[in-house]
Amino acid sequence: MNAPPIPAVQTFGLTRLYGSITALDKLDLTVNKGDLFGFIGSNGAGKTTTLRILATFLAPSAGTAQILGHDLLREADAVRHVIGYMPDFFGVYKDMEVTEYLDFFGACYKIPTAQREKTVNDVLELVGLTEKKGALIGALSRGMQQRLGLARVLIHDPQLLLLDEPASGLDPRARIEMMAILQELQRLGKTIIISSHILSELQTLCNRVAIIEKGRLIYSGPVQGVRDQVSQGQVVWVRVSTEPTQAIELLKARKEIAEVTTTDGEIKVTLAGPEIEHSIVADILVRGGAKLIELREDEVGLEEVFMRVTRGETQ
Amino acid sequence: MTFLPIVARELRIAARRPGTYRVRSGAALVLILMGTWLYLTKQNAPTQDIAMGLFCMSTGIVVLYCLLSGVQFTADCLSEEKREGTLGLLFLTDLKGYDVVLGKLVATSLNGFYAVLAVVPVMALPLLLGGVEPGEFGRMAVVVVNTLFFSLALGMCVSALSRSPRKAMAMTFFLILLLTAILPACGAWLAAMGKTQQLGRAWLMPSAGFSYYQAFDTPYKLGEAEFWWSVAVIHGLGWIALVLAAVIVPRSWQDRPAGAQRLRWRERWHWWSFGNPAERIEFRRRMLDRGAYFWLAARARLGPAYVWAVLGLVGCGWVWGIAKARRDWFEEGTYVFTGLLLNLVLKVWFALEAGKQLAEDRRQGALELLLSTPLTVREILRGQRLALERQFLGPVLAVLMVFFLFLTASSSDAMSQQNPEDRTLWMLFWAALMLMLVADLAGLYWVGMWEGLAAKNPTRAAATNVGRILVLPWVVLGVVALVAPLMWPHLEGVPVAKYLLGLWFGLGLAADVGFGAWARQKLLAEFRLAATRRYEPLLGFWKRVLSRGERASPAVPQGEAPHS
């Protein structure tokens, strides 16, 4: 029997008002230890506000949170020791050298002087910036500055990483490299909460996601779970080497099949219920004499899920 | 008329700014109050004298305001757009340099023009009283508008060249000072040295002060042409500045790749400011051990050297003075000038530095990173204090030593020309100056830190700090000095120097203690809250007052106690 997951972050009715605007509305969220947790929402949905509150930078108007066993409001100091926060826009002191920058933040986290040099070298190696250790930050590319931001987040070996749009503004290669680093960090046992607009990447990267709109939580759970929720019946795509009309006729004649349509030579088959096996489609076609070339399950992408579950409302 | 879209945009921004409305009513109110005071104090004087006094005072204030308008309104208008990257967007359209410059000029001159428009009726009051000729009033109106145009145009030109707000404002102020005061002073000095028979008119023509003086009836009748020449020269300088701005601005908005030579110079400057790699590592280790924020605020290792260099310059001035004037140099006038100069330089410099790091951190978004680390508010404040001590402690002690020497000299028998009462007053003056220096620096530290956190930008933070700690006591002192003769007419003829000194000291100390304690309390209790306020919509003054108590700010995650 599997042990129940241990929560790294639990929020209880987290609310934040900006004047008359409710940026966050009674958010109840749970992120388990070791999760790579995607935080999804439109601009102004409340993602950044949530991360700022969890980073102890902003105070909630109501509600609280537990972070790795520490109360957010009463034990903020302890929380700061166990989290690493990377905002979407952060100042990088352009006239500092890479090593100086990390050494400074190491001192902010009270890492002993004797250990700091080794720690700086280690995190630089982890994010692939060893060759740039003597460079001025102002001379680094955007991608490298983002990596430096990630190195800063890791300097005190936090257990929880809060990353707000870490891949924004990066080119495809830098983005892929950043995602690889995050996967490596998850493998090392870190819990990571990441907000991003690049849903296709979150889909492959994250094991759990939360969708938020107008400050309210719409969904929180495994990626597959939300897909299952939004898919209206199971869909299978079929290609046959013969004329599709015959195959369509065969399929339409069966009560297990709810709908059959064609798109660009492919046949889209919607099954009548979730209990029906996909293999029935192959069975019908082969028995009916149609030459089946390809049969694949329709997978609803995270982008489509997002579009279906949200209304595009902003505040 | 392609500049009109820019004017429209700028006017829309100005219409939303409360300052647009406050400036014109404030300007008229100040003049009305001062005029009333002058009228009440000179009630027994002939009407013509009252009228002339009122006219001199009101026009003098207005011309001074117009002269400084460039620093306030235009010095940072183009440089700000450069910093924020919006100037480039304008040049991606069909707009030319002159469109942008003219559009900006029209829009930024709005506040200054409104203020002048509001005070012109007050300026015209002496005309009704008699004693001021219509021609005099007309010429003064020309001087006011001309000075306003010149100052705004000069600010625009400097802004086209600059990127940093502080440098732009300082350079504009220096150029105005150069043309208005330093050039005439040089001319006077040359004349005094016997190099010329009389003060050369060429030195005076670009000075707004000269055209102001020439606008009065008596000097005008003696040299009508000189007035018009001065107005023409100042006007011409304004146009030259505008043309230069229009030529420079399309060439200065882009970040150009630095050439090899420039890169070499940049690297040398970096090494010079921060030291070679080995020195930097050693310096960093030493300072980080004393406090992370200390290193952040004090890492430019030459900070103290610059302060010492300025003190050294004053020292050189003294060496030159002693060589030139021998024993005559050692007199109260020299001491007072030196004392006030050192006092002013140190305090203003300290005020600029006090909240700079915090304001910069906040502007760049680095404060968010710092506050998500376990660095406590007390550690940040301590780091900044240590950085300021590193930069200023030595120079301040040296200046205090100099003041003490002046105090000793004032009390010595060498000042035999003074009577004992005067001597006591001088000693009190130096003692008060020494105490005020220390008290003001403490006040500037706390208020500077708080303003660095709360003000819109680093320039405004420094300006507010200077305004509260250094300027406000002088303003109150000035008001008291103006009102006192009205309230206690029997005091006329009584020596008031001692009372004024006491009042100055008391007001200065009250400002230091009052504002300092207020800022300290705010910093220790609301630091994190203030740091997050940039994410909240700002309320206007009246809305803040009316909603006080209704909209309590959420508690900040503490962890560290409010005073930790």
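**A chat about chains A and B**

Visitor: Which strand is β7 of chain A joined to by five bridges, and how do the two run?
Guide: In this predicted model, strand β7 (residues 160-164) of chain A is joined by five bridges to strand β8 (residues 191-195) of chain A, and the two run parallel.

Visitor: What does A:L161 stand opposite in β8(A)?
Guide: A:L161 has A:I192 of β8(A) opposite.

Visitor: What's the strand order in the sheet?
Guide: The order is β6-β7-β8-β3-β9-β10 of chain A, an open sheet of six strands with mixed pairing.

Visitor: Which strands stand at the edges?
Guide: Those are β6 (83-86) and β10 (216-222) of chain A. Each has a single partner strand, so one side of each is left without a neighbour in the sheet.

Visitor: And what does the twist average?
Guide: From one strand to the next, the twist averages 15 degrees.

Visitor: Which strands does helix α1 of chain A lie across?
Guide: Helix α1 (residues 47-54) of chain A lies across β3 (36-41), β7, β8 and β9 (208-213) of chain A. Its direction is at about 145 degrees to β7(A).

Visitor: What about helix α5 of chain A?
Guide: Helix α5 (residues 142-154) of chain A lies across β6 and β7 of chain A, at about 160 degrees to β6(A).

Visitor: Stepping back, how many helices and strands does chain A come to?
Guide: Chain A has 11 helices and 14 strands. Its C-alpha atoms fill a box of roughly 75 × 45 × 45 Å along the principal axes.

Visitor: What share of chain A counts as buried?
Guide: Of its 315 residues, 41% count as buried. Among contacts in chain A with a separation of 6 or more, 69% are between residues 24 or more positions apart.

Visitor: Changing topic: how many residues of chain B are in contact with chain A?
Guide: There are 29 from chain B, in contact with 33 residues of chain A.

Visitor: Which element of chain B gives the largest share of that side?
Guide: Helix α19(B) does, with five residues. The elements giving two or more residues are α14 (277-290), α15 (292-298), α18 (356-364) and α19 (366-371) of chain B. By class, that side has 15 nonpolar, seven polar and seven charged residues.

Visitor: Inside chain B, at what angle do α4 and α7 pack?
Guide: Helix α4 (residues 77-84) and helix α7 (residues 134-161) of chain B pack at about 25 degrees, with their axes 6 Å apart. The angle makes α4(B) roughly parallel to α7(B).

Visitor: Which residues make the contact?
Guide: B:C77, B:L78 and B:S79 come from α4(B), and B:M156, B:S159 and B:A160 from α7(B). By class, four are nonpolar, two polar and none charged.

Methods
Residues numbered from 1 in each chain as written. Chains lettered and ligands numbered in written order. Predicted model: local features only at pLDDT ≥ 70, side-chain atom pairs only at ≥ 80, totals over all residues. Contact = placed C-beta atoms within 7 Å. Helix = DSSP H or I, 4+ residues; strand = E, 2+ residues; numbered from the N terminus. Nonpolar A, V, L, I, M, F, W, Y, C, P; charged D, E, K, R; others polar. Axes fitted to C-alpha atoms, helices over the stretch in contact; angles between N-to-C directions. Parallel < 35°, antiparallel > 145°, perpendicular 65-115°, else oblique. Buried ≥ 20, exposed ≤ 12 C-beta atoms within 10 Å, placed from the backbone. Pairing = 2+ DSSP bridges.
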